[in-house]
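Hello,

Here is the structure for your files. My notes on what was found in it follow below.

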Amino acid sequence: MKDKRVIAIHLPQFYPFPENDEWWGKGFTEWRNVTKAKPRFRGHYQPHLPADLGFYDLRLKECRMEQEKLAKEYGIDGFCYYHYWFNGHLIMEKPVEAKLANKEEDLPFMFCWANEDWHRNWAGGYNETLISQNYSKEDDIEHFKYLLPYFKDERYIRVNGKPVFCVYKASLMPDYNKFVETWQALAKENGFELYMCAFEASGEWGKKYRRADAYVEFQPQNKEGFDRKYNPLLKMGRKFGWKTRFNEMTPYGPYVNFQINKKNTIDYKRYPSLCPSWDNACRRVGQPFQALRNANPSDFRRWLDHLYHTFTPFSKEENFIFINAWNEWAEGCHLEPDQKWGRGYLEAIKAVIEKYN
């Protein structure tokens, strides 16, 4: 039996829905951005095109089941689905709602609430908000009621019987601790307790929330000092407000080396994470973009090997390693096979797991 659980973050974006039709044009999915991407510099790997699973539509049970089959074959223990709730307005909910109704889709799962406002970033309108988050106790109650059938589902990932729920940016909430207290009270009324996690995203990390059971490192945003050594232009740009005026291109190999060699000074429960690559150029047409240059399965395997070997679970079931991501194609960040590397990243995961189990 494995002593660590590998969880892949999953974006349930790839199917048409009314909001995308309204904002980006009829029939839009992120496959449109992915396929029209062009290289921006010599050796730039764009576009990222899928291989084994093709340009799938997540409304189809067959597509979702093929994803799960592939994940299980290579040692992925579950998906962490991004969950989009805006005061009762749901987006990208259909694939997971369909999974809930279909017991054949038996890969374990959990949620991360992507609680940011929804902006028109993909088309350059950074200041245009399409849907905003408005927090209240009343909304917290309705949100919990919606998720209750998932929390009760036998496939939902748990720690000591407690369903695991993550928040992407707890700092955006007026009071994360009160939110947790409300949800824990509701859970208690329904005969269980939740295991609450806060992602450390966008450079935010540290032991901030007394009601968080644990934190989740989020790569590649959680760099913890890397930029000071390898990206002096980025440091200067932030000092003078240039952040959106230049491309941020970080070499993947040195970044992996930095992650492997950095000292662990964390004195609280934080689950480690890693990413196979990162490149959001196809979302930033005509704009500066961020990329991990020359990402490859070999360096990814070195990184995972290090984490798998050195991470000591906090208890028998507090044993997660997160991978960002299963299918963030528009951010060049995917374990799913592509036309360049095939199943290379999945094979790296399987090799590491077999080495230590």
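The buried residues of helix H9 are Tyr 252, Gly 253, Tyr 255, Val 256, Phe 258, Gln 259 and Ile 260. Buried means under 20% relative accessible area, with exposed over 50% and partly exposed in between (1.4 Å probe, protein chains only). H9 covers residues 252-261, and because 7 of its 10 residues are buried, the helix is largely enclosed by the rest of the structure. Helices (H or I, at least four residues) and strands (E, at least two) are DSSP runs, numbered from the N terminus.

This is a predicted model: local features need pLDDT of at least 70 and side-chain atom pairs count only at pLDDT 80 or more, while totals for chains, interfaces and linings use all residues. Residues are numbered from 1 along each chain as its sequence is written, and side-chain values use heavy atoms, leaving out hydrogens and water.

Leaving aside residues up to four places away in sequence, Phe 179 touches Trp 113, Asp 140, Phe 165, Val 167, Met 173 and Met 196 (contact: heavy atoms within 4.5 Å).

A search of the whole structure finds 0 disulfides, a disulfide being a pair of cysteine sulfur atoms within 2.5 Å. Cys 80 is buried, at 0% relative accessible area; its sulfur is 4.9 Å from the closest cysteine sulfur, in Cys 166, too far for a bond. Cys 333 is also buried, at 0%, and its sulfur lies 5.3 Å from the closest cysteine sulfur, in Cys 275, again too far for a bond.

Regards
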